[in-house]
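This report describes selected local features of one protein structure. Please look over the sequence and the structure before reading on.

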Amino acid sequence: MVLDISKIINKDGMSVCINTEINFDTLSFGNQDISFTSPMHVEGSACNENGLVHLVLNCSVGYVSQCSRCLSPVESKLEFSVNEFFSKTELDNENDDVIILNSNEIDLKDIAEQGFCCALPITCLCSEDCKGLCPVCGCNLNAETCSCETDDIDPRLAALKDFLK
């Protein structure tokens, strides 16, 4: 989805409303494969403020990721906002918060994807009491139990384990 800003780029105070849906296939981010259960709903506006285009978007999307502990699929919904400034010309004060445009178009799909990645939680859990995977055999400890010994003893202190015997 490309937003044409040619009508507002040279007219201070002019704005355009945005209300659309953007389809995403899959996304790989931070060692996670993410698939989307619905199109991303995007609404907001682009407004010319003193020669800068101020883009404000409110986005929501359903997605499926993996639990950080047991790798089971986790379905969730994410709502986030995007607030960016764009300019057609280089600014004198070298403001790093302003994105310089090469054309009169803003790729909303790219902006929404970046906003989604920034808004993703660092860890995704299927439940707060997820037991994760066995570090020895790899079975999902939420679904089954294993007979593996998991002595989490620091190897530097292993000699002290038999000290009192």
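## An exposed leucine and its patch

In this predicted model, Leu160 counts as exposed because its relative accessibility is 55%, and the cut-off for exposed is over 50%. Leu160 lies in the segment that follows helix H1 (108-119).

Together with Ile153, Leu157 and Phe163, Leu160 makes a nonpolar surface patch of about 440 Å².

Strand S4 covers residues 32-36. Gln32, Ile34 and Phe36 form its covered face, while Asp33 and Ser35 form the uncovered one.

S4 pairs with strand S3 (residues 26-29) in the antiparallel sense, over 4 bridges. In this pairing, Ser35 of S4 has Thr26 opposite. S3 and S4 make a hairpin with 2 residues between them, and Gly30 in the turn has a positive phi of about 60 degrees.

S4 is also joined to strand S6 (residues 52-66) by 2 bridges, and these strands run antiparallel. Here Phe36 stands opposite Tyr63 in S6.

Most residues other than glycine have a negative phi. Asn50 has a positive phi, near 55 degrees, and is not a glycine. Asn50 sits in the loop between strand S5 (40-49) and S6, and is exposed, with a relative accessible area of 71%.

Leu71, likewise not a glycine, has a positive phi of about 65 degrees. Leu71 belongs to the loop between S6 and strand S7 (73-87). With 55% relative accessibility, Leu71 counts as exposed.

Key:
Residues numbered from 1 in each chain as written. Predicted model: local features only at pLDDT ≥ 70, side-chain atom pairs only at ≥ 80, totals over all residues. Heavy atoms only, no water. Patch = residues over 30% accessible without salt bridge, like charges linked within 9 Å, V, L, I, M, F, W, Y side chains within 5 Å. Areas by Shrake-Rupley, 256 points an atom, 1.4 Å probe, with all protein chains shown as cover. Salt bridge = Lys/Arg side-chain N within 4 Å of Asp/Glu carboxyl O. Buried < 20%, exposed > 50% of the residue type's maximum accessible area, 1.4 Å probe, protein only. Pairing = 2+ DSSP bridges.
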